[in-house]
Amino acid sequence: MKTFQIKSGVIAIFDTAANTGYLVNEDASYLPFLIASGQKRYVNAFGGYYAETPSTEWVGMEFNMQPKGGDFGKGRFIRLSDFGTRRTRYGIHSAAYVNKWLQESSRYKSLGCIIVSEEILDIVEQAFIVNNRKLEVITTKGSDRLFTEITEREHNQAQAQKLLDTRLAQKAGPEPSKRF
């Protein structure tokens, strides 16, 4: 895995069409990784619902411990909330069979949650902590949203650098005139 340093402002984007996740920093650096997401079928759990992971914006605001084992791996679970206010049944966690699932071509395995390896969950948990125990999460079908976020962050980084350069030049004052 390449070196990736989590910075304040990092967000998580999960492309459920490709079942790939990304942690994206403000400076547009990012870490890609494999995920499993919701099954594309009706399930009877929780009173019955269509288990496909919804495409929306979330806020991870709670870190919970669930029972260890099958559904939750070591039990760590970042609960996703709608707009940071309403708790949902969805979250980010690992699972007992995550390593097997991530090797498969079809990775629609969960009841709607985002499933990651324990190693990636360590990194996602760090991102949650670095952001004062909140994590902006975007689930989308396709990579358009990822490229939009990276482009905006690159633009913001360029604008910030331009502003910094201007301020440094103003502090330095005018260049002395050169006479020959």
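**Aromatic pairs, strands and core**

Author: A search of the whole structure finds 4 aromatic pairs. Rings of Phe, Tyr and Trp (its six-membered ring) pair if their centres lie within 6.5 Å; planes under 30 degrees apart count as stacked, over 60 as edge-to-face and the rest as tilted. The model is predicted: local features need pLDDT of at least 70, side-chain atom pairs count only at pLDDT 80 or more, and totals for chains, interfaces and linings use all residues. Residues are numbered from 1 along each chain as its sequence is written, and side-chain values use heavy atoms, with hydrogens and water left out.

Reader: Why is the pair of Tyr22 and Tyr30 edge-to-face?

Author: The planes of Tyr22 and Tyr30 stand at 65° and the ring centres are 6.1 Å apart, so the pair is edge-to-face.

Reader: Are Tyr22 and Tyr30 buried or partly exposed?

Author: Buried means under 20% relative accessible area, exposed over 50%, and partly exposed in between (1.4 Å probe, protein chains only). Tyr22 has 12% relative accessibility and therefore counts as buried, whereas Tyr30, at 33%, counts as partly exposed.

Reader: What does Phe33 touch?

Author: Contact means heavy atoms within 4.5 Å. Not counting residues up to four places away in sequence, Phe33 touches Phe14, Thr20, Gly21, Tyr22, Leu23, Val116 and Ile120.

Reader: How many residues has the largest nonpolar core?

Author: A nonpolar core is a set of buried Ala, Val, Leu, Ile, Met, Phe, Trp, Tyr and Cys residues joined through side-chain atoms within 4.5 Å. The largest has 27 residues, and those with the most contacts inside it are Phe14, Leu23, Phe33, Ile92, Val116, Leu135 and Val137. Two or more residues come from each of β1 (11-15), β3 (30-34), β8 (76-82), β9 (86-93), α2 (118-130) and β12 (135-140). The greatest contribution is that of α2, with 6 residues.

Reader: Which strands pair with β8?

Author: Two strands pair if DSSP finds at least two bridges between them. β7 (residues 56-65) runs antiparallel to β8 and is joined to it by 7 bridges; within this pairing, Val59 has Ser81 as its bridge partner. β9 also pairs with β8 in the antiparallel sense, over 5 bridges, and Asp82 stands opposite Arg86 in β9. As for cover, 7 of the 7 residues of β8 are buried. Arg76, Ile78, Leu80 and Asp82 point one way from this strand, and Phe77, Arg79 and Ser81 point the other way.

Reader: How do β1 and β7 run relative to β12?

Author: β1 runs parallel to β12, with 5 bridges between them, and Asp15 stands opposite Thr140. β7 runs antiparallel to β12, also joined by 5 bridges, with Thr56 opposite Thr139. β12 is mostly covered, as 5 of its 6 residues are buried.

Reader: Where does Gly112 lie?

Author: Gly112 lies in the loop between β10 (108-110) and β11 (114-115), and its relative accessible area of 2% makes it buried. Its C-alpha atom is separated by 6.1 Å from that of Ser37, 75 residues apart along the chain. Leaving aside neighbours within four places in sequence, Gly112 is in contact with Gly38, Ala51, Thr53 and Tyr90.

Reader: How many helices and strands does the whole protein have?

Author: The protein has 3 helices and 12 strands. Of its 180 residues, 44% are buried.

Notes
Helices (H or I, at least four residues) and strands (E, at least two) are DSSP runs, numbered from the N terminus.
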